[in-house]
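Subject: Structure for you to look through

Dear colleague,

Please find below the structure that I promised to pass on to you. I would be grateful if you kept it open beside this email while you read what was found in it.

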Amino acid sequence: MSDSSADEAKSRPRFHRAYSFGIVTAGFFLLSWIGQFVFQAIAVRNEATQHGSQFSWADFYPQFLSSTFENWQSEFLQLVWQAAGLALFYFWGSSQSREGEERVEAKIDALLEDRGIDPSGMDRDVRARADGTGS
């Protein structure tokens with residue numbers, strides 16, 4: 001592996017850091033959907049016993065899917081999470097909020113290359129000085 005590809009691999013954020021917003025959103029989605037399933041199953045079972053009938057999965061699933069799609073039509077929670085979540089992760093400095101820094105770095109690299117300086121070599125020198133191993 002060349003030095004520039006090694007430097008590039010080190011500079012990439014880890015999976016959980018790069019996709020933190022999507023992971024948290026998927027977690028919220030799964031928790032809410034599982035909660036809806038459990039509580040709706042309990043309510044349907046209780047209603048069936050009150051009417052003197054048996055709980056039936058065949059009757060439950062269409063009702064569950066119908067209420068799921070009704071909930072998805074309501075975008076209030078989704079919009080609130082996206083606005084609040086993105087603001088929160090921007091504040092924390094997630095990888096999604098660093099797009100501007102990457103553009104600035106790309107411009108600096110282009111300027112260095114115009115002057116005949118290798119940007120990846122400069123990264124190695126800066127890291128070596130920071131580690132105390134450089135000259």
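In helix H7, which covers residues 119-131, the buried residues are Pro119, Ser120 and Gly121, where buried means under 20% relative accessible area, exposed means over 50%, and partly exposed lies in between, computed with a 1.4 Å probe on protein chains only. Helices here are DSSP runs of H or I with at least four residues, strands are runs of E with at least two, and both are numbered from the N terminus. H7 has 13 residues and reaches 18 Å from its first C-alpha to its last, which is close to the 18 Å expected at 1.5 Å a residue; the expected span is 1.5 Å times one less than the number of residues in the helix. After H7 comes Gly132, whose phi is positive, near 85°.

Before going further, please bear in mind that this is a predicted model, in which local features need pLDDT of at least 70 and side-chain atom pairs count only at pLDDT 80 or more, while totals for chains, interfaces and linings use all residues. Residues are numbered from 1 along each chain as its sequence is written, and side-chain values use heavy atoms, with hydrogens and water left out.

The term pLDDT stands for the predictor's confidence in each residue, from 0 to 100. For the protein chain its mean is 80, and 82% of the residues reach 70 or more. Confidence is lowest in helix H1 (residues 3-11), with a mean of 63, and highest in H3, at 92. Where pLDDT is low, the predicted coordinates should not be read in detail.

As for the overall build, the protein chain has 7 helices and 0 strands. Of its 135 residues, 18% count as buried. If we take the contacts between residues at least 6 apart in sequence, 61% of them join residues at least 24 apart, a contact being a case of heavy atoms within 4.5 Å.

Helix H3 (residues 20-50) has 31 residues and reaches 45 Å from its first C-alpha to its last, close to the 45 Å expected. Among its buried residues are Phe21, Gly35, Val44 and Ala48. Gln40 also lies in H3, and it counts as buried because its relative accessible area is 13%. Leaving aside neighbours within four places in sequence, Gln40 is in contact with Phe60, Gln63, Phe64 and Ser67. H3 is followed by Gly52, whose phi is positive, near 75°.

The second largest pocket holds about 550 Å³ of space. A pocket is found on a 1 Å grid over the protein atoms alone, as an open set of points where a 1.4 Å probe fits, with protein on both sides within 12 Å along at least five of seven lines, and its lining residues have an atom within 4 Å of a point. Of the 15 residues that line this second largest pocket, Phe29, Ser32, Trp72, Leu77 and Gln78 are the closest to its centre. H3, helix H4 (57-73) and H5 each supply at least two residues of the lining, and H3 gives the most, with 6 residues.

Gln78 belongs to helix H5 (residues 76-92) and is partly exposed, with a relative accessible area of 41%. Gln78 and Phe29 are 49 residues apart in sequence, yet their C-alpha atoms are 9.6 Å apart in space.

Lastly, Leu112 sits in helix H6 (residues 99-114) and counts as buried, because its relative accessible area is 17%. The C-alpha atoms of Leu112 and Met122 are separated by 9.5 Å, with the two residues 10 apart along the chain.

With best wishes

How values were computed:
Grid points are joined across faces, edges and corners, and a volume is the space filled by probe spheres set on the points.
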